[in-house]
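Look at the sequence and the model shown here.

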Amino acid sequence: NDVITLTATPRDRLKIFTIMNSVVCEWAKALLGSGLATAAFAELWQFVGSHPDSAAGHFSLGKYYYTQNSRGHAQQELERSVALDGRQAEVWLFLSEAADSLGNKERAKEAATRAVALEPRGGQYHLLLASLLAQSPSPKPAGTEYRAAVELMPRNALAHQQYAHFLLDASSDAADHALAVAQARDAVVLDPTNYLSFLILGRALQASGQPGPAVTPLTQAASLSTDDPAPALELARLEQAQGHTDIAKRWQSVYLQRQQYKTQLDNLMEALRVNPGSRILHARIAHLYGIQGNVADCVRYHALNLHLAVDAPPVLVAAAQDLNEGGHPEKALPLAERAVMISDHRALFHEVLGDSLLGMSQFDPAVKEYQNACGWDPAREPVLRKRLLAYVYEQEAQAQAKFQQGVMLTKTSIGPRPYTPEVLHLVQQAVSIEPKNLMFLRFLMSVQIAQKHFEDAIQTGQKIVEIIPRDPSANAQLGVLVLEKSQ
């Protein structure tokens, strides 16, 4: 900075500072994208402190605050950015969203309107303005903005979903309900993982007088949603109305479970509103989110509880523990891996990583992590050894159960072909759990031969020979299979 100030012309200084703005902001985005939120904040804070007149710097810092759910600080930085340079629609978009999250509805609408004026071909700006207008006492103008959004972003599932929702809520006209069905269908095709789109499609079909076809999207919505009780309740009522009592009872039970979770969460949130500094409440909310598989909120509330950044290893490990407990090891694994990568000397971090791997049936890597944990804390060895033995016994029991089921099916089968596809599937499951169990492998091979799956039988025979290379019977049987295949 000193060299630039002393030697560069004013025009060159402007060019250089513009490049520096871009480089620092892109570097901060890269750090955020890698999960290094603390490092990103340090870079941005230092840059904005030394360049207080940089609109781009304030924008990047505002975006950082926004992604970290610090919406008050986000709005302050974004307001500073637009005050310095109000020509960027994206800045107004973030400002609108930050203001809306804080309940500043009028400022949110003003900012969204400015964004649309600056970028009239930007569908995301029309979509944001539409969602704000839809919440106003006179929501009719939102329809125009939603139409613009879906026309400008025909491949955006959220635009179609929100437009369908608006049509259902704001109109009782049959034509609008038919259009809502069409928009919701587009949404589920574009994003088949979003339960809300299926829920809205089911509601739109019912509003259009089609209760029968509504069952399928409502079933999908109830299956995809793990914590929202609404889809399960609507499906239970529809199945009951159609006379499907057993199915209705099952979904009613699911609804009650999810409603219990929602009630727990609502009560904790209300308690936190009264006592916002309670670490116990933050921890309980984080745990509840974790066992439900909600990674982002679990991490966020652990960070609030521990007064640490969201990428701090203790936060990541605490969230991973909750996710593991809830049966979501695949979601816990990346968090535990990052914690160990950042801080390799904590026994607990290696133990939690081992738990995630074990939950995903990755036995050998889990053992390695447990060994690492014991290296840092030898007192954990008895506990971890017991955990591994319990896992092995459970896996053996599951494998034996699958194998015995398959054997019993062959003994009780009526007809000339006892080795059915179901038998094959059960034995394959047993082998997947215990891939070196010779009894399982030999039975699998006999089933494969009976079903004329000779390629698969040869592969199974090769596995048997690898385990007992000097066994005459195994070698002879494999040799016969290979010879028959060659002929």
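Predicted model: local features only at pLDDT ≥ 70, side-chain atom pairs only at ≥ 80, totals over all residues.

Q: What makes up the secondary structure of the protein?
A: The secondary structure comes to 26 helices and zero strands.

Q: How much of the protein is buried?
A: The protein has 487 residues, and buried residues make up 42% of them. A residue is placed in that class if its relative accessible area is under 20%.

Q: What is the accessible surface of the protein, and how much of it belongs to carbon and sulfur atoms?
A: The accessible surface comes to about 26,000 Å². Carbon and sulfur atoms hold 56% of that area.

Q: Why is Ser 54 called buried?
A: Its relative accessibility is 6%. The cut-off is under 20%, so Ser 54 counts as buried. Ser 54 sits in the loop between α3 and α4.

Q: Is Asp 53 buried or exposed, and how do you know?
A: Asp 53 has a relative accessible area of 67%. Exposed means over 50%, so Asp 53 is exposed. Asp 53 lies in the loop between α3 and α4. Its C-alpha atom is separated by 8.9 Å from that of Arg 80, 27 residues apart along the chain.

Q: Why is His 328 counted as buried?
A: The relative accessibility of His 328 is 16%. That value falls under 20%, so His 328 counts as buried. His 328 is found in the loop between α18 and α19. A polar atom of its side chain lies 3.3 Å from the backbone nitrogen of Gly 293. Leaving aside neighbours within four places in sequence, His 328 is in contact with Gly 290, Ile 291, Gln 292, Gly 293 and Leu 323.

Q: What is noted about the phi of His 307, and why is His 307 called exposed?
A: His 307 has a positive phi of about 55° although it is not a glycine. Its relative accessibility is 62%, which is over 50%, so His 307 counts as exposed. His 307 is placed in the loop between α17 and α18.

Q: Which class does Val 465 fall in, and why?
A: Val 465 has 15% relative accessibility, and because buried means under 20%, Val 465 counts as buried. Val 465 is in helix α25. Not counting residues up to four places away in sequence, Val 465 touches Ala 474, Asn 475 and Leu 478. The C-alpha atoms of Val 465 and Asn 475 are separated by 6.4 Å.

Q: How is the packing of α4 and α6 described?
A: Two packed helices are described by the angle between their axes and the distance between the axes. For α4 and α6 the angle is about 35° and the axes are 11 Å apart. Their crossing is left-handed.

Q: Which residues of α4 and α6 meet, and of what class are they?
A: Phe 59, Lys 63 and Tyr 66 in α4 meet Glu 90, Val 91, Phe 94, Glu 97 and Ala 98 in α6. By class, this contact has five nonpolar, no polar and three charged residues.

Conventions: Residues numbered from 1 in each chain as written. Heavy atoms only, no water. Axes fitted to C-alpha atoms, helices over the stretch in contact; angles between N-to-C directions. Helix = DSSP H or I, 4+ residues; strand = E, 2+ residues; numbered from the N terminus. Left-handed = near helix turned anticlockwise from the far one by under 90°. Contact = heavy atoms within 4.5 Å. Nonpolar A, V, L, I, M, F, W, Y, C, P; charged D, E, K, R; others polar. Buried < 20%, exposed > 50% of the residue type's maximum accessible area, 1.4 Å probe, protein only. Polar contact = N/O pair within 3.5 Å; in protein donor to acceptor, adjacent residues only side chain to side chain. Areas by Shrake-Rupley, 256 points an atom, 1.4 Å probe, with all protein chains shown as cover.
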